[in-house]
Structures are given as structure tokens and as C-alpha cells.
Amino acid sequence: MKKLLVFMAFAGYAMAMCATNYTCHLKVDINGNVTEQDEILVEVNENNGVYDLSLKNFCMIADEQKIPVGTIAVSGVEGIDEFGYTTVTINAPIEIESGDDPQYEGQWFGPELGAVPVNMTARFIDTALNADIDIVLGDMVIAVSVFGVAPAESLKGDVNGDGNVNISDINSIIGIILSD
């Protein structure tokens with residue numbers, strides 16, 4: 001009986017929660033100084049029309065040196081489906097989280113800023129994403145533009161966020177269910 005409940009919970013969760021990882025090109029404009037940067041991962045999670053988006057391990061470039069900022073994440077934002085794509089918009093202060101890139105461990109300065117005003121509009125379909133993010137720091141506006149594509153095989157069901165859909169996702173769900 002317990003196995004059946006675990007399976008039913010997993011099936012329901014997999015249908016309700018979808019994740020897509022986009023590999024994006026990044027352009028950053030700081031007061032007119034524009035830099036283009038390496039590819040960056042943007043993760044979009046959807047749960048019944050409500051979205052969580054995260055720009056992972058965001059770094060700025062100044063004098064050809066990377067400055068680790070952190071992960072810009074917004075959650076619980078309602079999406080609007082129109083003309084074949086989804087639009088997510090937010091204009092609110094957010095807390096920038098530490099990134100998870102080990103080469104910058106302990107160097108992420110975004111969390112030290114506290115809540116920063118962010119204005120973001122993201123448009124996406126299963127295979128492509130375009131987002132414009134304005135981060136306001138006093139008189140300075142950091143304009144971040146990302147455009148990217150998702151893998152040909154969309155990663156629906158990647159529960160543990162490792163970039164793969166595999167048995168470890170099922171183990172994560174079972175662990176969540178059994179820990180309650």
C-alpha cells in the first residue's frame with residue numbers, strides 16, 4: 001500500500017511540476033558599458049501556471065575580471081500564456097542568493113546587498129527563452145539580457161535539479177514523502 005501511495009504521489013507531482021533548463025547567452029549593460037559573457041544556466045520551474053525562475057551563478061565583468069554576484073531567483077510568479085509563449089513579469093525587490101559554482105565559494109557579493117529592486121520580463125516556450133532583467137543599485141542600473149535554448153529533450157521531471165531526469169529524481173521524491 002505504501003508503495004502505491006509513493007507511486008501515485010510521484011505521478012501527480014511529475015504531472016504538476018515541470019522544469020526546463022535553458023543554456024543562455026548573457027549580455028550585461030552597466031551604465032552604457034556592455035559586456036557579453038559566457039553561457040549561463042537559466043532554470044524555469046512551472047507548477048500549475050505559477051513559475052520560479054533562476055539565473056544561476058551570475059557574474060559581472062569589470063576590467064576583464066569576473067565579479068561573482070550570485071543567483072537571481074524569483075518564485076511564485078503567475079505566467080500569462082498568449083500567442084504560443086508564456087510571459088512572466090515581476091517588479092519587486094528580491095534577495096540575491098549565493099551561487100553554487102565552487103570556484104567562487106565565499107566570494108558571492110549579491111547576498112550582502114539585501115533586497116534589491118528588480119524589474120524582469122521573461123518570455124519562453126519549451127525550447128527558447130528571452131529575458132530582460134534590470135537590477136537597480138542606487139543610481140546604477142544593471143541591465144541583463146539573456147537569450148537561450150533548452151536541450152532538444154526537455155528536462156521535465158528533474159526534481160533534484162541536477163540537470164538530468166533519472167532514478168535519483170524518484171529517490172528524491174520518495175525521500176520527501178517518507179520524511180513527513
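Predicted model: local features only at pLDDT ≥ 70, side-chain atom pairs only at ≥ 80, totals over all residues.
Let me begin with strand E7, residues 115-124, which pairs in the antiparallel sense with strand E8, residues 128-137, over 7 bridges. The link between E7 and E8 is a hairpin of 3 residues, and if you look along the pair you will find Asn119 standing opposite Asp134 of E8.

Now keep your eye on Asp134, and ask which residue is its bridge partner in E9. The partner there is Ala143, so please find both on the screen before we go on. Strand E9 covers residues 140-149, and it runs antiparallel to E8, with 10 bridges joining the two. Between E8 and E9 the hairpin has 2 residues, and in this hairpin Gly138 takes a positive phi near 65 degrees.

The largest pocket has a volume of about 200 Å³, and 13 residues line it, of which Glu39, Ile40, Lys56, Asn57 and Lys66 are the closest to its centre. Two elements each give two or more residues to this lining, namely strand E2 (33-47) and strand E3 (50-62), and E2 gives the most, with 5 residues. What classes of residue make up the lining of the largest pocket? By class, the lining has 5 nonpolar, 3 polar and 5 charged residues.

Definitions and conventions: Residues numbered from 1 in each chain as written. Heavy atoms only, no water. Pairing = 2+ DSSP bridges. Helix = DSSP H or I, 4+ residues; strand = E, 2+ residues; numbered from the N terminus. 1 Å grid on protein atoms, 1.4 Å probe; cavity = no way out; pocket = protein on both sides within 12 Å on 5 of 7 lines; lining within 4 Å. Points joined across faces, edges and corners; volume = space filled by probe spheres on them. Nonpolar A, V, L, I, M, F, W, Y, C, P; charged D, E, K, R; others polar.
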